[in-house]
Structure formats: C-alpha cells, structure tokens
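Here is my notebook from an afternoon of looking things up in a structure. Have the model open beside you and follow along.

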2 protein chains.
Amino acid sequence: MTLIDGKAVADQIKQEIAEEVAAIRAAGGKIPHLAAILVGHDGGSETYVAHKVKACEQCGFKSTLIRHENDITEDELLAEVERLNNDPDIDGFIVQLPLPKHISEQRIIEAIDYRKDVDGFHPINVGRMSIGLPCFVSATPAGIMELLRRYDIDTKGKHCVVLGRSNIVGKPVATLMMQKSEPGNATVTVCHSASKNLKEMCRQADIIIAALGQPDFVTADMVKEGAVIIDVGTTRVPDASKKSGFRLNGDVAFAEVSPKCSYITPVPGGVGPMTIVSLMRNTLLAGKKAIYK
Amino acid sequence: MTLIDGKAVADQIKQEIAEEVAAIRAAGGKIPHLAAILVGHDGGSETYVAHKVKACEQCGFKSTLIRHENDITEDELLAEVERLNNDPDIDGFIVQLPLPKHISEQRIIEAIDYRKDVDGFHPINVGRMSIGLPCFVSATPAGIMELLRRYDIDTKGKHCVVLGRSNIVGKPVATLMMQKSEPGNATVTVCHSASKNLKEMCRQADIIIAALGQPDFVTADMVKEGAVIIDVGTTRVPDASKKSGFRLNGDVAFAEVSPKCSYITPVPGGVGPMTIVSLMRNTLLAGKKAIYK
C-alpha cells in the first residue's frame, strides 16, 4: 500500500511555482496577485483563507485579504466584486464560501469576471471544463487529477466510482475522469444519496473518489483488493484529544480500508493541501494570462 | 415490451407549442423566430435543416434559413453570427454542424450570444446545465429526458449506463440523469471507447442510453431482462431497398434486443423527432424570454 502524500506533492508544486514567479520577477514581469473576500468570522472559512494567504507567500504571489462583516448586503458585495473585476492589478480572486444566508452565492459567483474566476465556479469555466476547453478547473478536482498524475496511477479504461454529485467535487471530477486525457479516460460511475447499488458499485471499482462528507462511510467490505482510494471528505468531528477540540475526518474508514488498497490518500494531508495548491496554480495561470487574454 | 413512440410524443408537444403560440398571437405578443445558418450542401445537414424549418411551421414560429456556400470564410461567418446576435427579431438561432474544415466550430459556437443559443452548445449553457441552473439544454439530451418523463419511467436510484461521452449527447445526458430531479436521480455510468468493462456494465444497467454511433453495437447478451433502452444512434447505412439508397441504423440491434426490454426507442421514430421538438421548445422559451432577459 502506498500512502499518497498530498502535502509533499503540494510543497513540491509550490516550490515549482515559486521558481517560476522568481523568474518572472527577475524578468521584470508582473507578480501574480490573488485577492480573497472573506465575509464574517466562520471558523472553517478563517482557517481556509489563512492557508490560502500563506500559500500565496510561499509561491511569491501578492495577496490581498478583504474582510467584510456578516451584515454586508448583496448589493454591497456585488459592488466589491465589480471593483475587483476592474482592478488591473488583481489577476484572480475568490469569494470564500459559505456566505450569509441573505446573499445568493450563485449571484455572486456569476458576477465574477470569468477571466479572474480562479476558483473555477463560474458557469463559463464549468462549461469549458465539460467541453474540454482550456479554463480554470476548480481546485479540488484539479488537485485530485494532479495527484493521480504525479503518482503515475493508470486510469485508462479503469472503473472509477465517484461518491457524491456536488458542483464543486463530484460532478467535475467525474467529467475530468471520463475525458479522453491522461489521467482520465476511465469508465466513470457517479453514486449519491439516491443510489440503490452504491456498495456493489464500490466493490467493482478500481478507483474510488469519495466526496460525500460522511465520516468513515467507505468501509473495508466496500473496497476491492488493490483499489486506489481518493478521500475528499473533511468533516470536523469533535475530538477532546485535540487542542482545537476537533479533528478532520475523511469519508473513508482509513484504518480498515488502507490495508486493501494499492494507493490511498490520508485525511488530513491528502487532497486538502492539493486543493490550495490548485488555486495557486490557477492564480499563476491568471497572472500569465495563459488561459484568457 | 413498450415501444417508445418518439414521433407521437413529438407531435403532441408540437401541438402544445402551437397552442401556446396561438395564444401569444391572439394576445398581440411576439411570435418566436428561429433562424438557421446552413453552410454548403451536405445531404444530412440539408435534411435536418428542412425538418427544423418544417417543425417551425407546425409550431407557428417564424423561421429564416440563411444559406452560405462552402467557401465562406470564418470571419464572414462570424460577422453573420454577430448580425443575428444583434437582430432583435431573431429570438434564437442555430449554425448547422458540421462546418467546413477551414472554420473552427468551437469559435463559431462561442460567438453566438448565449441568450440566443437554442442549441445549448455555448459554454455558458453547458456550465449552467451542469450546475443545475435554468438554461438552454441541448436538444438531444433534453429530448431523451422528455421521453422518460412522458412515459413516466422511474429513474430514481436506477443504474443508467450511458454509452458515449460526446459533448452533445453522452456527457450532458449523463449529467441530467444524475441530477437531483425527476426524471434523473440515477446512478450513472459513462462508458466509451477506452472502457474495458463495457459489456459487464451494460448487463447491470436498468437503463441504457446508447450514443456511440456504431450500428447494432448493443446486442441481446448485453441487456438485462426488463431494461429500458434509449437508442440515440442514427448512422446512415447503405440500403438498396430504400429510395434514398440508405437507412438510418441505431446503436442497438433492435430485433434481438427489443424482446428483452420493458421500454425501447426505435430508430427512426424514437429520439430523432424529440431532438427537433426540443429545439422548438428552446425557441419558444427564447421567444418568451423565459430563461434569459
């Protein structure tokens, strides 16, 4: 069994990006600049944004964190998005989700200029990804594909079962896994809460990508000997032994499943670090205007 | 075994649309207007466009057919698209594919104003469909979903195997079948040319949607007793007994497969008529500005 070390791969990629940024800087080019809008003080969001700001530093990017309180109106937030759309120094930006209930996340996402949409959530980027055109691929699916690539895991013609059909993981990673590309080119099955044959499907899978957000959902009896397991789950579970009072728990019962696998990602330290590094890569692409002019 | 009569359903829907158009007319509203650009004289394209023009008449729409010769340049065609984008009387338009090799189909598709893209091929419509937002759904996938709806075929939690991963059928119909909607909500597997376990997958399927373009590919040994079969294939096969010299052949070996099915679409007369009627419905929605303002 090989443990897929997402943290090591992410560190490697950040170093590659930092070298490219250093070369850009030396040539007098523009340093990529990522902005993040954070509304309110949700603990998870604070942590994610802090990680993103830190990753920007490691990559040599400029970063700007814009904070708003929970009582910001939708119109005010739309105006902020518009300001960033029009700021020529900002190459890409994100609006950290979730947003307060009185604000439509979809309306905010669609207001972002797709050429600065480094989260890859705008319909144009989603559509271009599905069609197979150059675009900003959303961070978690892109990170999963990069792990498969760096570990040279054969996916062609293999049966990949995706658990979950969310817009940010399940559906896009299923699309990427079925495209005629490497990695990709897999037979892909998407299972979800309404699936009747989910366990049988998992037992047939050469690759399982678990993105349900249900701690320890995938158990040993659901996994074929030699399968590749990508665990996207990161549920906060109360844990008195941790200083924070919680631990991150994956969708896979790691202790019992890992002995059966050929490859498996741990939680934390698997897909999570790759998600942030994919955002960094999109920011680099935005800064270089490599996808859109 | 129930034969799914796509022609009858399509006629019924065209009548429903015609009634709605008559009511719009009576109320002094704007009659929906579809334009089609046809480049060259490809036999298949001529037939499809003629069917679309005829369907417009049956629905009470205005239609405009714009012909260009094969030597039209990409820039000239882009200018024509721009003219239609800006013509306030045209509610929706299509550019009949395929185009001559010197013209980038993707560039033309992306030049169409997505609010008039009744074929649903523009990245914005593809992306919105994937996310689950209101949009123009491309005609063949929409037609398949409508057949399932009108025949009240239960799809929730069922295993649907889609054969083919094209941008116009395989990928979008897979997305629609997995969405949390009715019909939909199915466990969906997408198989394609690189799949190693295609036959086994088909044998497990409650629903098979065959869109490979390979005549008689799906044989009786690949089909479970009681399965629902949707045949999207329409390959022209030489046939001396036909006046035209060819017949349309589906992806399913109908004679041997149909006795095993609960429902099956014939070719012709199954999905084909539904494709055109879905275009009509998108045109009606465009005319009413029901999706985009």
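**Entry 1: where two chains pair.** I began with Val190(A) and found that its bridge partner in E6(B) is Val188(B). The two strands involved are E6 of chain A (residues 187-191) and E6(B), which pair in the antiparallel sense over three bridges. I noted that strands count as paired if DSSP finds at least two bridges between them. Strands (E, at least two residues) and helices (H or I, at least four) are DSSP runs, numbered from the N terminus.

**Entry 2: ground rules.** I wrote down that this is a predicted model, in which local features need pLDDT of at least 70 and side-chain atom pairs count only at pLDDT 80 or more, while totals for chains, interfaces and linings use all residues. Residues are numbered from 1 along each chain as its sequence is written, and chains are lettered from A and ligands numbered from 1 in the order in which they are written.

**Entry 3: the contact between the chains.** How many residues of chain B are in contact with chain A? I found 28 residues of chain B in contact with 28 residues of chain A, where contact means that C-beta atoms, placed from the backbone, lie within 7 Å. On the side of chain B that touches chain A, the elements giving two or more residues are helix H5 (123-131), helix H7 (170-178) and strand E6 (187-191) of chain B. H5(B) gives the most, with eight residues. I sorted the residues on this side of chain B into 10 nonpolar, 13 polar and five charged. Here Ala, Val, Leu, Ile, Met, Phe, Trp, Tyr, Cys and Pro count as nonpolar, Asp, Glu, Lys and Arg as charged, and the others, Gly among them, as polar.

**Entry 4: helix H5 of chain A.** Next I looked at H5(A) (residues 123-131) and saw that nine of its nine residues are buried. A residue is buried if 20 or more other C-beta atoms lie within 10 Å of its own, exposed if 12 or fewer, and partly exposed in between, with C-beta atoms placed from the backbone. Among the buried residues of H5(A) are Asn125(A), Arg128(A) and Met129(A). What do they pack against? I found H4 (105-111) and H7 (170-178) of chain A, together with H5 and H7 of chain B. Just after H5(A), Gly132(A) takes a positive phi of about 100°.

**Entry 5: two serines in one loop.** Ser193(A) sits in the loop between E6 and helix H8 (198-204) of chain A, and Ser195(A) is found in the loop between E6 and H8 of chain A as well. Buried or partly exposed? Ser193(A) counts as partly exposed because it has 13 C-beta neighbours inside 10 Å. Ser195(A) is buried, because 24 other C-beta atoms lie within 10 Å. Leaving out residues up to four places away in sequence, Ser195(A) touches Gly157(B) and Thr187(B).

Entry 6: I moved to strand E8 (residues 228-231) of chain B. Val228(B) and Ile230(B) on one side and Ile229(B) and Asp231(B) on the other are all buried. In a regular strand the side chains alternate between the two faces of the sheet. Four bridges join E7 (residues 207-210) of chain B to E8(B), and the two run parallel. Ile207(B) stands opposite Val228(B). E8(B) also pairs in the parallel sense with E11 (residues 263-264) of chain B, over two bridges, and there Val228(B) stands opposite Tyr263(B).

**Entry 7: a three-stranded sheet.** In chain B I traced an open sheet with the order E3-E2-E4 and parallel pairing. E3 (62-68) and E4 (92-95) of chain B stand at the edges with a single partner strand each, so one side of each is left without a neighbour in the sheet. Seven bridges join E2 (residues 33-39) of chain B to E3(B), with Ala35(B) partnering Thr64(B).

Entry 8: I ended with the peptide bond from Leu97(A) to Pro98(A), which is cis, with omega near 0°. The bond from Val267(A) to Pro268(A) is cis too. Asn185(A) has a positive phi of about 60° although it is not a glycine, and it lies in the loop between H7 and E6 of chain A.

Note on methods. Two residues are in contact if their C-beta atoms, placed from the backbone, lie within 7 Å.
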